[in-house]
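This briefing concerns the structure shown below.

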Amino acid sequence: MTENRYDVIIIGTGAGGGTLAYHLAPSGKRILILERGDYVPREKANWDPQVVNVDAHYNTKESWRDKDGRDLHPHTNYYVGGNTKFYGAALFRLRKADFGEMRHHGGISPAWPISYEDLEPYYTQAEDLYQVHGNRGEDPTEPPANSPYPWPAVSHEPRIQQLSDDFARSGLKPFHVPVGVMLDEKNPHNSRCIRCNTCDGFACLVGAKSDAQVVCIDEAIKHSNVTLLTNSLVKRLDTDPTGREVKSVVVERNGSSETYSADVVVVSCGAINSAALLLRSANDKHPRGLANSSDIVGRHYMGHTNSVMMAISKCPNPTIFQKTLEVNDFYFGSKDFEYPMGHISFVGKLDAITLKAGAPAIAPNFTLELMAKHSLDFWLTSEDLPDPNNRVTIGRDGKIVLTYTPNNLEAHERLQGKLKQAMKQTNCAIHGHECHQGLFSRNLYVGQRIPLAGVAHQNGTIRFGKDPKTSVLDPNCKAHDLDNLYVVDGSFFPSSAAVNPALTIMANALRVGDHLMKRLGVFEPEYKRNPQQEQELAVSR
Ligand SMILES: Cc1cc2nc3c(=O)[nH]c(=O)nc-3n(C[C@H](O)[C@H](O)[C@H](O)COP(=O)(O)OP(=O)(O)OC[C@H]3O[C@@H](n4cnc5c(N)ncnc54)[C@H](O)[C@@H]3O)c2cc1C
Ligand code: SF4
């Protein structure tokens, strides 16, 4: 065996790649993890809204193009842990019905080739691994689960509890967001998480967010059979003469080109970069791009229709950790709109510095500072539908081109309308119904939606399915066209559902991990938490 030969190569260390690396690490197989980024430097700036939100210091400086050839500066991050370093850690299961075909106002959301039941055990494992805090049974659309959350839900602070009570009085069923932070509210002096106001969108300075670096990669590389190479950009995958096997992984590292090979190659670069890598790896046997006989690679890009709505109240909102409340009552529709609308949740508490970067329309009699002090900052997500024309391609200059026309927008407008209605019904003890001053879009985006550069929820570009003509991957996430190529990031989604994607990516990586262990002839190790997690779990129960 040469030095550059491995049993498994995993490209990317985010929700998909990081989780898979963790799962395979105890197997004893020689595993190489290739990550284009470095570790997020631990520095006070990690928690500085000016540096993070205004200067976009940690975002990639790479530029892509939109369909009209204009420069696009994607809000995405290349680091060990991928985008989970910066995510809000809201870790949701898809709804059971999301796995079937569903009719939306804007068209059909297609069925998945696996059922909810196939993924359920892996959701449970992923929730344990990422230490999800939640209360089973509160969410009216929650799918059946075989065990409770490993940790109790993160409690609401008083202003959010007040809103939750208001919503409940008006007939809604607000519930606690399942969230992956290492908060121990019963033992605050021992809690790794200090419940701060710079979580969603920020890297955690104290390593207390359950991200793929802290939870998975740091653990995986403790195994001597696992090697992590950072600052290692995979440029292309070359096949053997038959075209059925990835023969070499070509990497740019320290300014030079290196080549690695493995029995199994797993791509997990995020939905946009994974598609770009396959397209850039076109060769004689794969003229349209690797694994692309179907011409599906890069197509069906989805990223959800998201918007941030600020509800301004006369009552201040001194909440520190705001992302605790969620409303799913409109997920599948309502009496007056029988199509799915999506979910209403929160972003981290907005501050005046962050608001200056994308100033909302100012509420009458409010300054930006006052608005930030009085706002409830909602995050609304609706499903966007897979459209083959919404796609990732590579431009003549080699840059990624992202073509996207939003769809199913009526669902999102209805959802915004539902929030408006719900806020009007709030009734505080001091100001009554007059407390609510109105809803304002966080940014003056056209149509009040997050713009194209907001690729946080990217998925769908290398969909899995049973039919090689209409999908790139088989149900085990192996490329139909190749024998040793797998993809485990968000690109396998055939539909985007309307909950945050990361837990489904993690659970699927564990599922594919089990398949790979069988393929590699490894006895499946019993799923294990590390000793510290075991101890923390015992205390919390
Ligand atoms: C601000 C923010 C908040 C979010 N909040 C939530 C949330 O609350 N809940 C939720 O579920 N989701 C959230 N998300 C989305 C979530 O982070 C992603 O869904 C998830 O990280 C995607 O996992 P992935 O494995 O597909 O890709 P990523 O996590 O993006 O990982 C891809 C990795 O591949 C590396 N890479 C890319 N190209 C190459 C290459 N050519 N060679 C080598 N390495 C490469 C990248 O550097 C990266 O490390 C949020 C995202 C952002 C940005
Ligand atoms: S809330 Fe907790 S997990 Fe999030 S950044 Fe702060 S300390 Fe870290």
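**Ligand sites and nonpolar cores**

In this predicted model, a backbone N or O atom of Tyr79 is placed 3.0 Å from an oxygen atom of ligand 1. The protein covers 94% of the 1000 Å² of accessible area that ligand 1 has on its own. A shell of 37 residues surrounds ligand 1, while 13 residues surround ligand 2.

**Ligand 1: polar contacts**

- Asn83 brings a polar side-chain atom to 2.8 Å from an oxygen atom of ligand 1.
- A polar backbone atom of Ala15 lies 3.3 Å from an oxygen atom of ligand 1.

**Ligand 1: make-up of the shell**

- At least two shell residues come from each of α1 (15-24), β9 (232-239) and α10 (502-519).
- The element that gives the most to this shell is β9, with 3 residues.
- Sorted by class, the residues around ligand 1 comprise 16 nonpolar, 16 polar and 5 charged.

**Helix α1**

- Helix α1, which supplies at least two residues of the shell around ligand 1, is largely enclosed by the rest of the structure, because 10 of its 10 residues are buried.
- The buried residues of α1 include Ala15, Gly16, Gly17 and Gly18.
- Thr19, Leu20, Ala21, Tyr22, His23 and Leu24 of α1 are buried as well.

**Ligand 2**

- The shell around ligand 2 holds 10 nonpolar residues, 1 polar residue and 2 charged residues.

**Nonpolar cores**

- In soluble globular proteins, nonpolar side chains tend to be buried together.
- The largest nonpolar core here contains 127 residues.
- Ile11, Tyr130, Leu237, Val249 and Leu485 are the residues with the most contacts inside this core.
- Helix α10 contributes the largest share of this core, 10 residues.
- Apart from this core lies another, of 21 residues, among them Phe337, Phe346, Leu376 and Leu380.

**Surroundings of Leu237**

- Beyond its neighbours within four places in sequence, Leu237 is in contact with residues including Ile11, Val249 and Leu485.
- Further contacts of Leu237 include Val246, Val265, Val267, Leu277, Leu278 and Leu290.
- Ser248 and Ser281 are also among the residues in contact with Leu237.

Key: Residues numbered from 1 in each chain as written. Chains lettered and ligands numbered in written order. Predicted model: local features only at pLDDT ≥ 70, side-chain atom pairs only at ≥ 80, totals over all residues. Heavy atoms only, no water. Near = heavy atom within 4 Å. Polar contact = N/O pair within 3.5 Å; in protein donor to acceptor, adjacent residues only side chain to side chain. Areas by Shrake-Rupley, 256 points an atom, 1.4 Å probe, with all protein chains shown as cover. Helix = DSSP H or I, 4+ residues; strand = E, 2+ residues; numbered from the N terminus. Nonpolar A, V, L, I, M, F, W, Y, C, P; charged D, E, K, R; others polar. Core = buried A, V, L, I, M, F, W, Y, C linked by side-chain atoms within 4.5 Å. Buried < 20%, exposed > 50% of the residue type's maximum accessible area, 1.4 Å probe, protein only. Contact = heavy atoms within 4.5 Å.
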